[in-house]
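Please open the model in your viewer and keep the selection panel at hand; the tour goes from one selection to the next.

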Amino acid sequence: MLAYMTARSLDGLLELVKELGGSDTRLIEATGISHALFSDADGLIPYALHCQLLENAAVEVGRRDFALLLARHRVASNYAKELQIYTYSSKNLRQAILGLMDHLRTRTLGIDYALEVQRDTACFSRTPPSSEAARYPQASILLLGSLYLMLLKASGGRFELTSVSLTFRDPGIRAELKAFFRCPLYFDAEINSLNFPARLLELGIATQDDGLHDLMVDYLASRQLQETRDFTELVRHLLSR
């Protein structure tokens, strides 16, 4: 099955490319797209295109760690502010992670998200189509990096990883990845995942606000991908094939 994401997944990308001395115009031309792609945040784009744009951005600015830089840039600039508010108002990390997973599912098609607990270890994973899992490291690094930073901030710095699993080979930034996640890394893994002690799922969030959290639940539910025109048209197209 083909995978899709909303164009919102590209937020902050062009701005960071320019900040790092690259050309957004050259990047767009190299990827074979137009500026119009960025105008509709809720429009659907192929996951492979999203991945290719990130890979090209890393080449454009000469930074193999571009995805890590973009993850930091997004959290610092309140990217997806509604998701951050949702996370920081949650009761504990379990509620925050499950809620983030639900919302990620509303922004993507053909990509699986899971939270599993085995004995004393918890694992948050994302599984893109197998054809893209090992080809595009930047996309997986960006997602795991962004979630890690949000959970780290929500927990007041108490969220610690035991390891990170990645489906691709070392893209030449092992040291940067290890310094960012502060834990061992496992490349050529079966899934992309953040692995951490299961006890941290019950870790309370100091900024918990039940009223605000309930408001954000309603707001995020109102932005379900299934309710957008693009989703309806895509489903009709796939069924007609």
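Begin with what covers the buried residues of helix 9 (residues 174-181), where buried means under 20% relative accessible area with a 1.4 Å probe on protein chains only: the cover includes helix 4, helix 8, strand 6 (163-165), strand 7 (185-186) and strand 8 (192-197), with contact meaning heavy atoms within 4.5 Å. Helices (H or I, at least four residues) and strands (E, at least two) are DSSP runs, numbered from the N terminus. This is a predicted model, in which local features need pLDDT of at least 70 and side-chain atom pairs count only at pLDDT 80 or more, while totals for chains, interfaces and linings use all residues. Residues are numbered from 1 along each chain as its sequence is written, and side-chain values use heavy atoms, with hydrogens and water left out.

Next, select Leu 177, Phe 180 and Phe 181, the buried residues of helix 9. They lie on the same side of helix 9, because they cover an arc of only 80° around the axis, taken from the directions from the helix axis to the C-beta atoms. On the face turned away from that buried side, look for Ala 175 and Ala 179, which are exposed, that is, over 50% relative accessible area.

Then step to Arg 182, which follows helix 9 and has a positive phi, near 60°. Select Cys 183 as well, which counts as buried because its relative accessible area is 4%.

Finish with Cys 123, which is also buried, at 13% relative accessibility. The structure holds zero disulfides, a disulfide being a pair of cysteine sulfur atoms within 2.5 Å.
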